Amino acid sequence: MMPTNFLKYCFLYISLLITGLLQAQTTVSGKIIDEKTNKEISGVEIFINESQKSALTTTSGNFTVQSDSIIYKLKFSRKSYAFETVDISTDNANNLIIKLSQEKVSSIEEVVIHNEKTKYKSKKENPAYRIMQEVWKRKRNNGLEKFNTYTYKEYEKIQFDANNLDSTFMNRKIFNKLDFIFDYADSTASGKMALPVFLNESIYQNFGENKPNKKNKRLLVAQKTSGFQDNQVITLTAKNLYRDINIYDNTLNYFDIGFPSPVGTDGFSTYDYNLVDTISVNGENAYKIRYQPRRTEVLAFQGYLYIDTDSYAVLGATLKSTNKINVNFINAISTELEYDNPDDETFLPKKFVTEIEMTPFSKKKSAKSIIAKRSVDYSEYDFNKPLADSVFTRRKEEYDDRFVDKDEAFWTTARPDSLSKQEQGVYEMLDKLQHTPKFNRIVKLTETLASRYYNVTKGIDLGPITSIYGKNEVEGDRIRLGARTYFTQNDPWRVEFYNAYGFKDKQFKYGVEGRYMFNRVNRFMIGGGTKRDITQLGVQLTTEDGILSRSFASSTVFARGENASLSSVNQTSFFTSIEPWKNFQVRVDGTLQSIKSANPDGFNLMYYRNGDLRKTTNDSRVTISFIARPGAKFSQTGVDRYEHGTLAPTIVLKYTRGIEGLFNADFNYNKLQFMFYKPILLGSWGKTLFSFEAGKNFDTVPLALQNIIPGNQSYGIVPNTFAQLNYYEFVADTYSTMHIEHHFNGKILSFIPLIKKLKLREVAFIRGAYGSLSDASKNINVDNLKYSAPDQQIYYEYGFGIENIGFGNIRIFRVDFNWRGNYLDRPDASKFGIKAGFQFGF
């Protein structure tokens, strides 16, 4: 028999051991971090054992949970992260490290889908309709609008791949001495090859303030481009393909073409919806709804919506174009969207991935194509932290060419995901190509076609090549040769000049202009120039400033009727401009010019001044212009900038003061002009281009300085002109004009059998002008009886056009049919006309 004391000590020891074990497994502590970034994560729900109710929602990365019973399992759940389960033992109950991995929409678990479409007697019987009603009722707004201040990081990656390559293509002579690039190609599911040809990475830091004043700033802090650091043509083209979209909007903007959103309140007029299943998305229960367009010929998407079963928030969406997409140069579009929903009223973008398949010639799936893929990751949101005013101030260093250059160590930590082996190969391949003369020649050809200038040596370009030949009544055949300085896309100064010669009048013409920018931040610049040339006045109301602005005389090769109304202009101008606020320019121009008829026998510009008959108008004037482009986006920081495609309006207000006696000027006068232009998307019904101009001459001036309602006697399509008006047919002291042009994007023609296969698109337009001309302004001109204003009634034109004419993916031709609405009894009135032209767009 054992001693009693020994048994007591054994029992005490076992009791203490069990107590310690129980204590270890009823309290667990540790830290929760992101698997890839190793950053702490808060807002994580922790579930103990098999409980369906969370025991704790963390407020920081550290956690401690306690239970009256033994903890043998913990489950961790947070939106946008995969569900994580960890077994608990005495070995890991303290200092536990939990790594949560982000879950993507593309990784949503697969379910069995039946292709047959369920038919309902009415949409109210469709369960998907009831779900979408709840989505519309609780329509969310971008969460950035609800906070006083916000900041977030944006990582953008754009990659181009040449797709559907085969051995025949790779063995072509053009790839002689370039065949090493195919070492970087990868096989695709079709068995053909895809070759990465371009990669651009950008990192932006976004700042915003909603109260007390609304302002924001998107700062490009880093950019890296494969092989094209000195050539931005491809980079800018790539970025210009994409627009920001909000899935809750009724219309989604792709290429400035409106596609109806499947989450829009009018979605059921375009799409059929079917509830497929209820699945788990990022740890949240979600309805999976399949949608597809009722008619495949319309511009619309097909895909899936993932709607939270509790909050009816959009967790994610896929959008894929139909096989019959009618967009030039585009074979297919697909987009994946992921959203975070911090509360019941708002959403925050998390990740957008858009893939565009572009083909220049054929719509076939096997055609050689370029796959342009853009992914944007939004992260590091921070709200309601004080932001100094200096954050929103434009700083000089931000406009330095080297500001966005960062080393590889920076990129390694800044990327949300590391580059794949294929993506890394793009940088390596393009670096090799930079040292290949044949490749550089191809790049140079691309630059020439895009810029219209040919680089002959460092700093000198010849062009524009499209202006070399022209023809008009006075000069006959005309040759124009020009050049400009060009060192980089961010040159702070530029000089341009041209010489021209007319083979009929046997006269040389010239123009030269120089500009210098002192400050890249507010774009303060000065410039000046001089020219002597033949030009067509009266083809613009709100004229462009600048010596080398477009000359309409030399661009009309074919025209209806005879046009002798050309002017000989000697002009010298100086200007200064500044942008005190972003996208708002103030410009002051001083101009000295003399204007006379270039063809006195056919066009009379003579006028009376103090009883004397004069043939030359001498003019000295100062013009101040206010130009606003709210929402416009620009690249480059030099004297010339590249504008990205947007729907930004253009608003111009100009005041001109003529000063009599200054450099022998003949007239004092005051002129005020206003111009407004705006493209407007109207959902699946297309896009409207709206333009309005108004102005007034407050004093009497001769024809050379008067407002001319713009006519168009060419056979080409010229924006903001009247197709059936002759030059100088209407002259006005006071005027207003309006142009409305609507592009239906094939909405109507897609209903017509056979015709719809041609993928033609319809355009409708109406134009109007109204004005007055005083007796004094008529009488000052020798040909006073010839000139009048549209003051009896509004002059108008109307018509329709057919665009998207061509073959395959090259559909760039347009034909317009124009009718004159009134003033039909005028001599030489053109009642009907056909105009044609090229449109290089989607």
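**Figure 1. Asn250 is partly exposed, with a relative accessible area of 29%.** The structure shown here and in the following figures is a predicted model. Because the relative accessible area of Asn250 is 29%, this residue falls between the limits of 20% for buried and 50% for exposed residues. Asn250 is placed in the loop that runs between helix 4 (233–239) and strand 13 (251–254). Leaving aside residues up to four places away in sequence, Asn250 touches Phe259, Pro260, Ser261, Gly264, Thr265 and Asp266. For Thr265, the backbone nitrogen lies 2.8 Å from a polar atom of the Asn250 side chain. Asp266 is 16 residues from Asn250 in sequence, and the two C-alpha atoms are 6.9 Å apart in space.

**Figure 2. Helix 2 (residues 127–137) and the strands that cover its buried residues.** The buried residues in helix 2 are Ala128, Tyr129, Ile131, Met132, Glu134, Val135 and Trp136. In an α-helix there are 3.6 residues a turn, so residues three or four places apart point the same way. Cover for the buried residues of helix 2 includes strand 15 (271–281), strand 16 (284–293) and strand 17 (301–308). At the start of the helix, a side-chain oxygen of Asn126 comes to within 2.9 Å of the backbone nitrogen of Ala128, and Ala128 is itself one of the buried residues.

**Figure 3. A nonpolar patch on the surface, with about 850 Å² of accessible area together.** The patch is formed by Tyr454, Val456, Ile460, Leu462, Ile465, Ile468, Tyr469, Ile479, Leu481 and Phe503. Two or more of its residues come from each of strand 22 (454–457), strand 23 (459–462) and strand 25 (476–486). Ile479, a member of the patch, lies in strand 25 and is partly exposed, with a relative accessible area of 31%.

**Figure 4. Antiparallel pairing of strand 37 (residues 669–681) with strand 36 and with strand 38.** Strand 36 (residues 650–658) pairs with strand 37 over 9 bridges in the antiparallel sense, and Lys654 stands opposite Gln673 of strand 37. The pairing of strand 37 with strand 38 (residues 687–697) is also antiparallel and extends over 11 bridges; here Lys678 stands opposite Phe690 of strand 38. The hairpin of strand 37 and strand 38 has 5 residues between the strands, and Gly683 takes a positive phi near 60 degrees.

**Figure 5. An open sheet of 4 strands in the order 3-2-5-6.** Pairing within this sheet is antiparallel. Its edge strands, strand 3 (56–57) and strand 6 (84–87), each pair on one side only. Strand 2 (residues 45–48) and strand 5 (residues 73–77) are joined by 4 bridges in the antiparallel sense, with Phe47 opposite Lys75 of strand 5. In a regular strand, side chains alternate between the two faces of the sheet.

Figure 6. Of the 842 residues in the chain, 49% are buried. The accessible surface comes to about 41,600 Å², and carbon and sulfur atoms account for 55% of this area. Among contacts between residues at least 6 apart in sequence, 63% join residues at least 24 apart.

Key: Residues numbered from 1 in each chain as written. Predicted model: local features only at pLDDT ≥ 70, side-chain atom pairs only at ≥ 80, totals over all residues. Heavy atoms only, no water. Buried < 20%, exposed > 50% of the residue type's maximum accessible area, 1.4 Å probe, protein only. Contact = heavy atoms within 4.5 Å. Polar contact = N/O pair within 3.5 Å; in protein donor to acceptor, adjacent residues only side chain to side chain. Patch = residues over 30% accessible without salt bridge, like charges linked within 9 Å, V, L, I, M, F, W, Y side chains within 5 Å. Areas by Shrake-Rupley, 256 points an atom, 1.4 Å probe, with all protein chains shown as cover. Salt bridge = Lys/Arg side-chain N within 4 Å of Asp/Glu carboxyl O. Pairing = 2+ DSSP bridges.
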